[in-house]
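Okay, thanks for coming, everyone. Let me put the model up and then we'll walk through how it packs.

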Amino acid sequence: MSVFKNKTTLMPDYIPPEIPHRHEKFLEIMEYFKPIIEGDAYFEHVFIIGNTGTGKTLVARYLERYIQSLKNRRVDVIYINARFERIPGNIVRKLLRWINPFAPDRGYSVEDIYMYFLEMLYKNNRGVLLILDDSDHLFEKYAEFIYKLGRVHEIGIINRLSILFILRSNSSLNKADLWAIGGLRKNVVYFEDYGYEELVDILDYRASQAFKNGAIDEGSIETAADIAATYNYNARYAIELLLKAGMIADKKGEKIVTAEHIRLARFEVPPSFTYEDMKALTLHEKMILYALSEILANGEKSFTTTGELERKYREVAKYFEVTPVGHTWFWKMIDTLNAFGIISKRLSSKKFRGRTTLIGLPSFSATILLTKLQEMIEDEIIKSIE
Ligand SMILES: Nc1ncnc2c1ncn2[C@@H]1O[C@H](COP(=O)(O)OP(=O)(O)O)[C@@H](O)[C@H]1O
Ligand SMILES: [Mg+2]
């Protein structure tokens with residue numbers, strides 16, 4: 001016996017048939033891409049900007065599914081998550097594989113492969129809409145690549161590549177805003193945080209798909225929304241709470257998911273970032289996060305400095321018997337973790353002597369993170385030895 005009728009509908013990559021409270025954003029984005037889809041224009045760039053859990057990925061994948069279902073469309077859609085395909089090389093290789101699975105990629109630069117891809121599109125007389133999800137760190141770290149994607153007039157052929165960039169923050173875009181400099185049209189669609197009522201609607205809808213009739217209290221849904229309030233009504237967090245609470249109810253052999261199950265789930269689910277996402281981090285990023293958790297776990301400090309964190313990271317590397325990375329790489333990883341929204345990074349106020357960079361862990365429990373990361377790091381080290 002289970003409270004669930006279809007648990008998979010609460011999994012992160014499930015795309016529901018409807019998108020309550022986001023349909024208008026979908027239509028707004030469609031409006032921009034309509035001429036491309038119908039073959040009346042060659043390319044368009046659109047940006048979605050919004051916090052974690054505001055439905056950005058959902059709307060993008062919904063759009064993808066919608067466009068792919070159109071019979072007379074003049075474009076195909078390619079979805080790439082830049083959090084997984086981290087570097088420009090991986091991204092262009094994905095494009096290359098898509099347009100020609102047999103093309104050799106070794107020995108070619110990012111530029112070569114990208115130009116080849118554009119030429120093939122031009123030759124095939126067909127457009128592509130590339131959805132570049134979670135692309136903040138590309139703007140932060142690979143501005144050159146972003147400029148390459150944006151320089152549509154200098155390539156010598158007609159550009160047939162449209163892009164939907166998905167970002168968490170405006171400030172990433174400002175780091176490499178070719179659109180402002182180059183006078184290119186910049187269409188930005190902001191995804192504001194959900195409010196309480198909106199989140200309850202969304203959770204009602206998602207719960208009706210996932211749970212058996214009557215197997216979840218309305219009070220449980222309201223509790224989940226309430227808890228998510230602390231995290232900007234992050235829908236992803238709230239949905240993970242529902243999933244986890246259902247699993248807890250099942251484990252206890254109870255027939256109805258109650259508010260208490262939701263509260264219990266709260267201790268097991270870190271918001272903003274799921275364990276699956278965490279697995280995708282590199283070994284050294286995991287160790288930096290581990291070091292940060294160790295510093296913050298005893299609860300005396302809210303923040304640490306980069307200097308202290310780096311020292312701790314070196315200790316941790318020694319503990320796991322892994323050679324630590326150098327100073328420059330350490331900094332790069334700090335930027336990546338920050339761009340992913342896992343850690344926070346800001347300059348100290350003048351109170352400190354000289355200004356120093358403070359690192360925080362905005363929405364995680366350090367103690368829970370420690371146990372999770374310990375397992376992940378050990379697994380990864382064992383795998384690398386095998
Ligand atoms: N309007 C909505 N209707 C139904 N489910 C939603 C809605 N908004 C978000 N979700 C769900 O919440 C979770 C987080 O949404 P997601 O699109 O991944 O957020 P983001 O990409 O902005 O971080 C996903 O499971 C998604 O399906
Ligand atoms: Mg997303």
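I'll start with the cores and then move to one helix pair.

Quick housekeeping: this is a predicted model, where local features need pLDDT of at least 70, side-chain atom pairs count only at pLDDT 80 or more, and totals for chains, interfaces and linings use all residues. Residues are numbered from 1 along each chain as its sequence is written, and chains are lettered from A and ligands numbered from 1 in the order in which they are written.

So, the largest nonpolar core has 46 residues, and Phe117, Leu129, Leu132, Ile146 and Leu164 have the most contacts inside it. By nonpolar core I mean buried Ala, Val, Leu, Ile, Met, Phe, Trp, Tyr and Cys joined through C-beta atoms within 7 Å; buried means 20 or more other C-beta atoms within 10 Å of a residue's own, with C-betas placed from the backbone. Strand S4, residues 161-167, gives the most to that core, six residues (strands are DSSP E runs of at least two, helices H or I runs of at least four, numbered from the N terminus).

There's also a second, separate core of 29 residues, including Leu10, Ala228, Ala235 and Leu241.

Now the helices. The axes of H10 (218-228) and H11 (235-251) come within 9 Å and cross at roughly 135°; axes are lines fitted to C-alpha atoms over the stretch in contact, with angles from 0 to 180 degrees between N-to-C directions. In H10, Ser220, Ala224, Ala225, Ile227 and Ala228 meet H11's Tyr237, Ala238, Leu241, Leu242 and Ala245, contact being C-betas, placed from the backbone, within 7 Å.

Methods:
Buried ≥ 20, exposed ≤ 12 C-beta atoms within 10 Å, placed from the backbone. Contact = placed C-beta atoms within 7 Å.
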